[in-house]
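Biologist: I would like to go through this model and ask what stands behind each label. Please show it first.

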2 protein chains.
Amino acid sequence: MSEIKYIDGGVCAAKGFRASGVHCGIRKNRTKRDLALIVSDKRASAAAVYTQNLVKGAPLLVTKKHIADGYAQAVVCNSGNANTCNANGVEIAEGMCTLVGTYAGVKSEDVIVASTGVIGQPLEIEPIANGMPALAAELSYDNSASAAESIMTTDTIQKSVAVEFVLDGKTCRMGGIAKGSGMIHPNMATMLVFVTTDAAICPKMLQKALSEDVKTSFNMVSIDGDTSTNDMVAVLANGMADNKEIAAADADFEVFCAALHAVTAKLCRLLAGDGEGATKLLTCKVTGGKTEEAAKTAAKSVICSSLLKAAMFGADANWGRVLCALGYSGADIDVNKVDVSFASAKGEIPVCRNGAGIEFSEEKAKEILLEKEIDILVGLNDGEFSAEAWGCDLTYDYVKINGDYRT
Amino acid sequence: MSEIKYIDGGVCAAKGFRASGVHCGIRKNRTKRDLALIVSDKRASAAAVYTQNLVKGAPLLVTKKHIADGYAQAVVCNSGNANTCNANGVEIAEGMCTLVGTYAGVKSEDVIVASTGVIGQPLEIEPIANGMPALAAELSYDNSASAAESIMTTDTIQKSVAVEFVLDGKTCRMGGIAKGSGMIHPNMATMLVFVTTDAAICPKMLQKALSEDVKTSFNMVSIDGDTSTNDMVAVLANGMADNKEIAAADADFEVFCAALHAVTAKLCRLLAGDGEGATKLLTCKVTGGKTEEAAKTAAKSVICSSLLKAAMFGADANWGRVLCALGYSGADIDVNKVDVSFASAKGEIPVCRNGAGIEFSEEKAKEILLEKEIDILVGLNDGEFSAEAWGCDLTYDYVKINGDYRT
């Protein structure tokens, strides 16, 4: 398989994609952009996955309809308001697409629409209508950063990844932007993620690639156990790299999937590490599972434990909480075979073997756990399956951010 | 049905139960008792429910064996160490029972043993052996408070409840003590709870009463989503009230179950309100569920949402998070029919009708949510079933307590 190289450029890394972002006034803070647009020069194959929450934001319903034919050409997204649980939500979401159609020269039925922010507050169309001319005018082939900023809510960093790879002898590019950073939990199409690529791939195979990928990428991230109402991952593939269109599960499809995973897995780490209030990125790496399901369930349970998350914030090697989380995970594991180690750039320290504690240096453990990126290594010693899940620590700032989010 | 009256006395309220608590040295803090003993004058019917965590503390295994015949006469419990994930855990737990046998004059096979505290640190028998003579010597018929204090970990208040009721013309009493206050989550026999009664009831009916009761009491409490390895609810019924032994699901059994629920439901509120770091008791009352399962699942999901818990800490009427939690609960509900109100001693305020926001006074909502006991009222408008779940807010102190629990 050919090399996959990380590059700059975000959603504008691939050929034929322009992006922009403006402050249109949904947010009161005038220094924060709140409306993003991504437009492909050509109509593109489109695929998406959505939240599994029964409460679904109006934009998701509109997007589903718009990409039912497998194609789209633009993405519009506002932050500051989720447009969810509002009586006129669908009308507003459709209105956003119509505005894109008017100002950016694409068909409104080819627009993917997304919203993120507070649930249950009416979203007015006026600021969006007022901002759209500038948003369309500022579209450019190197403006991914403006779009990435515009979709941020409580995020503290922009999340942007791009890669270069080769398909059919042609250089292809793929890039994505994402927003977190709370209300994030496995078993959904997590958070908002937009990926663009100039690779040629038919809608059916694009959807297949995405649906498979989220199982080991976004569905393995948890910030706080809350599954949002608005989450969506959407991919546009405009074919402008001129490779032969991927239309079957062949070798090219495998390369495409690997490139997609290079983008999504890195976005996962960015999302988890920038979870609300987070000071640390936690990665739980499970090996030796009897089944893939067991390994994944175990990894997710560890990452989701409030107690372990708080211990990691305190750099406390409280491995009993790892065992506890494995024990209630529901995964098919033998707790008497479990090994646990903590690792970071400062080294690795085994703390539990065969389900029981072993002696270890608390001093060394502290040194390891004071790092910003911590691996929790779990050996199930029960089979051949592995899994990886991403999360973050639970901190004072998580409480602060969410104790008064609306005001 | 006859009246159930709340009285004082905790686990010593019922006839023939002595209790005591001492500091034996498991905890370094000499001002905090860490070893509790409850002894019945007569061998008693015994029942228990245990954590559903696959990792089970050694004391649970020993207790299961000891009450397999349906009878027990004493409870011994230490705090400061969970005696879980230790190679010699069962040996230590058996050793604790032997010591009770030696000093308190009961058969060691009639002792229920429990431990609570850090997981995975070896528990030494020495301090327990040293403390047992004093523990047995201090047993008295009005010493429930010493036992209640001895089982506390991060609890800030003692949790004790007792009731008086009439069976077969005889006055009966029942009392319980409990410890929280973290690692508490539905779907288990939650936390440590010991209940004593002088009512006469056969072991089989006692177990039936307890197993049914926890479904609407302890299994409806969540502090932090973590299911502990050591949780146990145990009941001793010594028959000293001289009522005719309950041996079938008759009218007396119903009275007994009502008395039991009066004790357990109140302990639930005490546990939830004293959750780690909690400043507020949250009660989610769901009505109009299509099934009992739907109502219970919905209530638990709301109570477990980190985002809602943080909003309640901030007295923020962020009802969108209630809808969100209902939506991902997995319960069979129609989100478009959902009504939500917040209520407290300061009044009640509707905030959502038919799944959409309605106008409300933020000022009034704030006044209501600044109280210490908040009800989250959810109308599913989809059937006849109700459920109630208890929890607490998520605060800075939860993070503080759990960021550095071991040191």
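Modeller: One term first: helices here are DSSP runs of H or I with at least four residues, numbered from the N terminus. This is a predicted model. By that count, A:A315 sits in the loop between helix 8 (306–313) and helix 9 (320–327) of chain A.

Biologist: What makes A:A315 count as buried?

Modeller: The cut-off is 20 or more other C-beta atoms within 10 Å. A:A315 has 20 C-beta neighbours inside 10 Å, so it counts as buried. Its phi is positive, about 50°, although A:A315 is not a glycine.

Biologist: Why is B:D168 called partly exposed?

Modeller: Exposed needs 12 or fewer neighbours, buried 20 or more, and partly exposed lies in between. B:D168 has 16 inside 10 Å, so it is partly exposed. B:D168 is in the loop between strand 6 (159–167) and strand 7 (170–179) of chain B. B:D168 is not a glycine, yet has a positive phi of about 55°.

Biologist: How do you know that the radius of gyration of chain A agrees with a compact globule?

Modeller: For 407 residues, the globule rule gives a value near 22 Å; chain A has 21 Å, so the two agree. The C-alpha atoms of chain A fill a box of roughly 70 × 55 × 35 Å along the principal axes. Buried residues are 64% of the 407 in chain A.

Biologist: Which domains does chain A have?

Modeller: The domain assignment gives domain 1 (5–273) and domain 2 (281–403). Their C-alpha centres lie 32 Å apart. In the contact between them, 12 residues of domain 1 of chain A meet 13 residues of domain 2 of chain A. The domain 1 side divides into 6 nonpolar, 5 polar and 1 charged.

Biologist: Why are helix 11 of chain A and helix 8 of chain B called roughly perpendicular?

Modeller: Angles of 65 to 115 degrees count as roughly perpendicular. Helix 11 (residues 396–403) of chain A and helix 8 (residues 306–313) of chain B pack at about 75°, with axes 7 Å apart. The two helices are therefore roughly perpendicular to each other.

Biologist: Which residues meet there?

Modeller: From helix 11 of chain A come A:V399, A:N402 and A:G403; from helix 8 of chain B come B:L307, B:A310, B:A311 and B:F313. By class, this contact has 5 nonpolar, 2 polar and no charged residues.

Technical notes. Residues numbered from 1 in each chain as written. Chains lettered and ligands numbered in written order. Predicted model: local features only at pLDDT ≥ 70, side-chain atom pairs only at ≥ 80, totals over all residues. Rg over C-alpha atoms; globule rule 2.2 N^0.38 Å. Domains from an automatic or database assignment. Contact = placed C-beta atoms within 7 Å. Nonpolar A, V, L, I, M, F, W, Y, C, P; charged D, E, K, R; others polar. Axes fitted to C-alpha atoms, helices over the stretch in contact; angles between N-to-C directions. Parallel < 35°, antiparallel > 145°, perpendicular 65-115°, else oblique.
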